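Please keep the viewer open as you go.

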Amino acid sequence: MIQNINTNSVGHLIGQSSFAASDPVAARPTNDADAALHVSFDDLINKAKAPDPAEATAVEEARQLLISGQLTSPQNIQSAAQNILRFGI
C-alpha cells in the first residue's frame, strides 16, 4: 500500500518540496471498486427529512409548556439539574 503513494503528490503535506522523478510513475490500475463509495444514503437522508409525528407532538407540547411558564418552577429546575448530573446532558 505504501509503495503506491506518489511522493511528488504528498511532499507539500509534510513541508517538503517535490523531488524530481527520474522515472515516470507506473500507470495505476483503473479498478475503482470501493465498497465505501457504492453505498447509498438516500434512505437515511429521507428518513432524517421526514418528521416523526410523535417527535413533532412532543416538541409542540414542550413549546406550550415553555410559553406557559410551567417548566420554570424551582422544583422542575432542581429536577432537571439532578437529571443532568445523574445522566449527563
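The report below goes from the overall fold to a salt bridge and then to a surface patch.

This is a predicted model, in which local features need pLDDT of at least 70 and side-chain atom pairs count only at pLDDT 80 or more, while totals for chains, interfaces and linings use all residues. Residues are numbered from 1 along each chain as its sequence is written, and side-chain values use heavy atoms, with hydrogens and water left out.

The chain has 4 helices and 0 strands, in the order α-α-α-α. Helices (H or I, at least four residues) and strands (E, at least two) are DSSP runs, numbered from the N terminus. Of its 89 residues, 1% are buried.

The model has 1 salt bridge, meaning a side-chain nitrogen of Lys or Arg within 4 Å of a carboxyl oxygen of Asp or Glu. Arginine 63 pairs with glutamate 60, their closest N and O atoms lying 2.9 Å apart. Both sit in helix α3 (residues 53–68), 3 residues apart, so about one helical turn separates them.

| Residue | Relative accessible area |
|---|---|
| Arginine 63 | 43% |
| Glutamate 60 | 33% |
| Valine 39 | 43% |

Valine 39 lies in the loop between α1 (7–10) and α2 (42–49). Together with Phe41, Leu44 and Ile45, Val39 forms a nonpolar surface patch of about 390 Å² accessible area. Patches take residues with over 30% relative accessible area and no salt bridge, joining like charges within 9 Å and nonpolar side chains (Val, Leu, Ile, Met, Phe, Trp, Tyr) within 5 Å.

Conventions
Buried < 20%, exposed > 50% of the residue type's maximum accessible area, 1.4 Å probe, protein only. Areas by Shrake-Rupley, 256 points an atom, 1.4 Å probe, with all protein chains shown as cover.
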